[in-house]
Amino acid sequence: MESDSPQLKAVVFGPTGLVGMGVTRAWLDDPRVAEVRAVSRRPLPYSAPGLRPVECRDFLDLAPLRQSLEGVDAVCYCLGRSYSQVRDAAEYRRITYDFALAAGRAVLAASPNATFHFVSGSGTSLESRMNWARVKAETEQALCELGLGSCVCWRPAGILHEVKPDRMTAYHRMGAAIGALLRGFRSLTVGNRAIGEAMLQATLDGRREGILENREIRDLADGYRARSRD
């Protein structure tokens, strides 16, 4: 890969989670990325050149983060929890929908031209019988109608641990075991780092909108890796 002068600045919401950690590492390792601002409620378990931790006490009130959100090219919104981890429907909606819309509004005010990458999930649909799938779909729709400079929705399926989170919970271990069995199926699994590489490639390509399913995410990540070897 050509080592152009670092220019890109990104924000990652949820950098300590499974997806967020993979995305953060992928962006930090690219020589074209000057800075990654990692928004998290708890301290980061790692450090790196170009990584700027940003503490957030309340994900519904991001006014104190205004300066940290200014002047960025992309926002990778990886914050969230699985419905299996949050059984209460109201709480799941607060974490999934309310937090994401608060972030979208804050980004719109601070960096209106930034690309907002929202991590959704495979199976997301307004017509689904599953509450989580409907809430995800409503969140996608609301973000795309918010007036952001651009909004791209990512729908990964089973997520593989290319970069392991700080704490491997029973949920993570179960997902890793299932993912290992399905690794060869392009529509069913994707690495957490690959999601970050795909987001980076989409940003570099100037992609401004759309919904990307698991196979498309892997295709973008493969393209990124092929270019990196050139």
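Threonine 24 is buried, its relative accessible area being 0%, where buried means under 20% relative accessible area, exposed over 50% and partly exposed in between (1.4 Å probe, protein chains only). This residue lies in helix H1, and, its neighbours within four places in sequence left aside, threonine 24 is in contact with Val12, Pro15, Val36, Tyr46 and Leu51, contact meaning heavy atoms within 4.5 Å. The structure is a predicted model, in which local features need pLDDT of at least 70 and side-chain atom pairs count only at pLDDT 80 or more, while totals for chains, interfaces and linings use all residues. Residues are numbered from 1 along each chain as its sequence is written, and side-chain values use heavy atoms, with hydrogens and water left out.

**Overall make-up**

- The secondary structure of the protein chain comes to seven helices and nine strands; helices (H or I, at least four residues) and strands (E, at least two) are DSSP runs, numbered from the N terminus.
- Of the 230 residues of the protein chain, 50% count as buried.
- Among the contacts in the protein chain with a separation of 6 or more, 72% are accounted for by residues 24 or more positions apart.

**The sheet**

- Seven strands, in the order S3-S2-S1-S4-S5-S6-S9, form an open sheet with parallel pairing, and two strands pair if DSSP finds at least two bridges between them.
- Strand S3 (51-55) and strand S9 (209-213) are the edge strands, each of which pairs on one side only, and the twist averages 15° from one strand to the next.
- S1 and S4 pair in the parallel sense over four bridges, and alanine 10 stands opposite alanine 74 in S4.
- S4 and S5 also pair in the parallel sense over four bridges, and the bridge partner of tyrosine 77 is phenylalanine 118 in S5.
- Five of the five residues of S5 are buried, so this strand is largely enclosed by the rest of the structure; Thr115, His117 and Val119 point one way from S5, whereas Phe116 and Phe118 point the other way.

- Helix H1 (residues 18-28) is mostly covered, with 10 of its 11 residues buried; among them are Leu18, Val19, Met21, Val23, Trp27 and Leu28.
- The largest nonpolar core has 37 residues, and those with the most contacts inside it are Val23, Trp27, Leu51, Trp154, Ile195 and Met199; a nonpolar core is a set of buried Ala, Val, Leu, Ile, Met, Phe, Trp, Tyr and Cys residues joined through side-chain atoms within 4.5 Å.
- At least two residues of this core are supplied by each of strand S1 (8-13), H1, strand S2 (33-40), strand S4 (74-77), strand S6 (150-155), H6 and H7, and H1 gives the most, with seven residues.
- A second, separate core of 32 residues includes Tyr92, Tyr97, Ala100 and Val107.
- Leucine 51 touches Thr24, Leu28, Val36, Ala38, Leu44 and Tyr46, when residues up to four places away in sequence are not counted.

**Helices H6 and H7**

- Helix H6 (residues 192-205) and helix H7 (residues 214-229) pack at an angle of about 75°, with their axes 8 Å apart; axes are lines fitted to C-alpha atoms, for helices over the stretch in contact, and angles run from 0 to 180 degrees between N-to-C directions.
- H6 and H7 are therefore roughly perpendicular to each other, since angles of 65 to 115 degrees count as roughly perpendicular, those under 35 as roughly parallel, those over 145 as roughly antiparallel and the rest as oblique.
- The residues making this contact include Ile195, Ala198 and Leu200 of H6 and Ile217, Leu220 and Tyr224 of H7.
- By class, the contact of H6 with H7 has nine nonpolar, one polar and five charged residues, with Ala, Val, Leu, Ile, Met, Phe, Trp, Tyr, Cys and Pro counted as nonpolar, Asp, Glu, Lys and Arg as charged, and the others, Gly among them, as polar.
- H6 lies across S1, S2, S4, strand S5 (115-119) and S6, and runs at about 155° to S5.

**Two further residues**

- Leucine 65, found in the loop between S3 and helix H2 (66-69), counts as buried at 5% relative accessibility.
- Leucine 65 is 11 residues from valine 54 in sequence and 7.9 Å from it in space, C-alpha to C-alpha.
- Glutamine 141, in helix H4 (residues 131-144), counts as partly exposed at 41% relative accessibility.
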